[in-house]
Amino acid sequence: MEDLIKFLESRHSVRKYLDKAIEDDKKQIITDLIEKINQEHGTKFAVFFDKLEAFKSILGHSIKGCKNIIIFYHTDANEAGYYSAEVLLKLHELGLNSCYVGLTYKKKIFLRDDVDIQCALAFGYGANQGQPHTNHNINKLLTYEGDKPEKLDIVVKAALSAPTAMNRQRFKIVVENNEIVPILTSKGPFAEFDFGIIRYYVDLAKKN
């Protein structure tokens with residue numbers, strides 16, 4: 001279990017990338033995983049390799065040097081976030097870096113008439129490994145009474161390691177009938193998508 005937490009905590013968002021091609025075998029693993037998720041869960045995720053024109057600078061932020069992007073097409077933002085996390089962690093396992101992007105890519109060139117874009121993910125070989133994000137006070141994110149469930153500490157650590165838009169961490173972890181449950185605490189841009197990521201991290205910790 002501690003190995004899982006170390007793995008989750010070792011992954012950070014990266015916004016600057018090297019001009020280094022992703023190996024064909026890794027491309028195939030990514031493509032196969034996205035196809036599997038689409039078939040099993042009704043998503044329409046799509047990966048685009050070597051598409052440098054996908055990114056732009058906006059609001060003083062930018063993704064530099066990245067050529068690869070995954071578009072999370074789906075009708076449900078929460079579900080899109082949940083299954084995107086599986087892709088995110090597979091990239092990390094493959095030794096690739098990534099960063100969720102909501103504004104710093106050319107969304108217009110990826111728009112489709114049949115389904116919405118919930119978010120996107122830049123990925124490749126990073127020029128660095130990124131920095132840990134700042135977590136909110138754990139006491140503000142955790143609510144329970146009575147005995148502490150066995151996996152509560154691990155679940156909280158996993159949830160806090162999950163990326164969220166602008167590091168808002170709009171969630172709480174509560175215990176209901178001895179079951180550890182994440183709860184979305186506020187709305188806003190990408191809130192539902194972020195919450196899906198949190199849910200995946202929590203479920204992953206509970207299963208291990």
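This is a predicted model: local features need pLDDT of at least 70, side-chain atom pairs count only at pLDDT 80 or more; totals for chains, interfaces and linings use all residues.
1. Four-stranded sheet. An open sheet of 4 strands is ordered E1-E2-E4-E3, and its pairing is antiparallel. E1 (46-48) and E3 (97-101) are the edge strands; each has a single partner strand, so one side of each lacks a neighbour in the sheet. On average, and with direction ignored, neighbouring strands of this sheet are turned by 20° against each other.

2. Pairing of E2 with E4. Strand E2 (residues 68-73) runs antiparallel to strand E4 (residues 117-124), and 6 bridges join them. To locate this pairing in the viewer, take Tyr73, whose bridge partner in E4 is Ile117.

3. Helix on the four-stranded sheet. Helix H2 (residues 24-41) lies across E1, E2 and E4. The direction of H2 is at about 160° to E1.

4. Geometry of H2 and H3. Two packed helices are described by the angle between their axes and the distance between the axes. For H2 and helix H3 (residues 77-93), the axes come within 11 Å and cross at roughly 155°. Angles over 145 degrees count as roughly antiparallel, and H2 and H3 are therefore roughly antiparallel to each other. The crossing of H2 past H3 is right-handed.

5. Residues between H2 and H3. The H2 side of the contact consists of Ile29, Ile30, Leu33, Ile34, Lys36, Ile37 and His41. These meet Glu79, Tyr83, Glu86, Val87, Lys90 and Leu91 in H3. Sorted by class, the contact has 8 nonpolar, 1 polar and 4 charged residues.

6. Strands of a sheet pair through backbone hydrogen bonds, either parallel or antiparallel. In the open sheet formed by 3 strands in the order E5-E6-E7, the pairing is mixed. The edges are E5 (142-143) and E7 (179-184); each has a single partner strand, so one side of each is left without a neighbour in the sheet.

7. Pairing of E6 with E7. Strand E6 (residues 171-176) pairs with E7 in the antiparallel sense over 6 bridges. One of the residue pairs to look for is Ile173 with its bridge partner Pro182 in E7.

8. Helices on the three-stranded sheet. Which strands does helix H5 touch? Helix H5 (residues 152-161) packs on the sheet and touches E5, E6 and E7, with its direction at about 160° to that of E6. Helix H6 (residues 191-207) lies across E6 and E7 and runs at about 165° to E7.

How values were computed
Residues are numbered from 1 along each chain as its sequence is written. Side-chain values use heavy atoms; hydrogens and water are left out. Two strands pair if DSSP finds at least two bridges between them. Helices (H or I, at least four residues) and strands (E, at least two) are DSSP runs, numbered from the N terminus. Contact means heavy atoms within 4.5 Å. Axes are lines fitted to C-alpha atoms, for helices over the stretch in contact, and angles run from 0 to 180 degrees between N-to-C directions. Angles under 35 degrees count as roughly parallel, over 145 as roughly antiparallel, 65 to 115 as roughly perpendicular and the rest as oblique. A crossing is left-handed if the near helix is turned anticlockwise from the far one by less than a right angle, and right-handed if clockwise. Ala, Val, Leu, Ile, Met, Phe, Trp, Tyr, Cys and Pro count as nonpolar, Asp, Glu, Lys and Arg as charged, and the others, Gly among them, as polar.
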